[in-house]
Amino acid sequence: MSDPAKVRRHAERVRELVASVVRSQIKDPRLGMITITDARITADLRDATVFYTVLGDAVAQADTAAALESAKGLLRSTVGKALGLRHSPTLTFVLDDVQDQVKHIDDLLAAARNADAEVQRLAAQAEYAGEAQPYRVDDETDEADETAEAEEATGAEGTPRGGETR
């Protein structure tokens, strides 16, 4: 096992090297508007996965994938020489579908906003099923309770409880 920091450095270097070679040395007309987004390399430094995006439709993506597959030998030899490893890592190219995921998440967020707006609209029009305050006692019983409390506080004789009379 290699040091994780070393693996990250090599992965970053692979990404930079592949991007440089794609930009300057590969002259395949099938290669579209490509961006190398990420590279990951295994801990044993033998296999590297390179993620890329392509501007365009499915045909442009398929053409770019074919161009990368045909240039895989050149890319692997360039990466192997630059890294100085005993074994050149095998390269695997994976189309990075970040844009599709971003669109899907945006659609989900828009649907959630619409659902929240609908709930707010329904809540604004809602009415109570019963009384607004079902536990509130009527005014008549409030007066009776206040009178009873006043009598209890002063006692039956009309003198304050617990207090001395002068």
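Student: Why is Asp63 called partly exposed?

Tutor: Asp63 has a relative accessible area of 33%. Buried means under 20%, exposed means over 50%, and partly exposed is in between, with a 1.4 Å probe and protein chains only as cover. The value of 33% falls in between, so Asp63 is partly exposed. One caution on the source: this is a predicted model, where local features need pLDDT of at least 70, side-chain atom pairs count only at pLDDT 80 or more, and totals for chains, interfaces and linings use all residues. Residues are numbered from 1 along each chain as its sequence is written, and side-chain values use heavy atoms, with hydrogens and water left out.

Student: Where is Asp63 found?

Tutor: Asp63 is in helix α2.

Student: What makes a stretch count as a helix or a strand?

Tutor: Both are DSSP runs, numbered from the N terminus: H or I over at least four residues for helices, E over at least two for strands. By that rule the chain has five helices and three strands. Their order from the N terminus is α-β-β-α-α-β-α-α.

Student: Which residues of α2 are buried, and what puts them on the same side?

Tutor: Ala60, Thr64, Ala67 and Leu68 are the buried residues of α2. They cover an arc of only 95 degrees around the axis, which puts them on the same side of α2. The arc is that of the directions from the helix axis to the C-beta atoms. On the other side of α2, Ala58 and Val59 are exposed. The cover over the buried residues of α2 includes α1, β1, β2, α3 and β3.

Student: And which residues of α1 are buried?

Tutor: Val7, His10, Ala11, Val14, Leu17, Val18, Val21 and Val22 are buried in α1. Their arc is only 130 degrees around the axis, which puts them on the same side of α1. The face turned away from that buried side carries the exposed residues Arg8, Arg9 and Arg23. Among the elements that cover the buried residues of α1 are α2 (58-70) and α3 (72-83).

Student: How do you know that β1 and β2 pair?

Tutor: Two strands pair if DSSP finds at least two bridges between them. Strand β1 (residues 33-41) and strand β2 (residues 47-55) have eight, in the antiparallel sense. Ile34 stands opposite Val54 in β2. The same test holds for β2 and strand β3 (residues 90-95), which have six bridges in the parallel sense. There, Ala48 stands opposite Leu91, and Val50 stands opposite Phe93.

Student: Why are β1 and β3 placed at the edges of the sheet?

Tutor: The three strands form an open sheet in the order β1-β2-β3, with mixed pairing. β1 and β3 each have a single partner strand, so one side of each is left without a neighbour in the sheet. Neighbouring strands are turned by 30 degrees against each other on average, direction ignored. α1 lies across β1, β2 and β3, at about 160 degrees to β1. Axes are lines fitted to C-alpha atoms, for helices over the stretch in contact, and angles run from 0 to 180 degrees between N-to-C directions. Contact means heavy atoms within 4.5 Å.

Student: What makes Leu45 worth a look?

Tutor: Its phi is near 60 degrees, a positive value in a residue other than glycine. Most residues other than glycine have a negative phi. Leu45 lies in the loop between β1 and β2. That hairpin has five residues between the strands.

Student: Is Leu45 buried or exposed?

Tutor: Leu45 has a relative accessible area of 8%, under the 20% limit, so Leu45 is buried. In the chain as a whole, buried residues make up 22% of the 166 residues.
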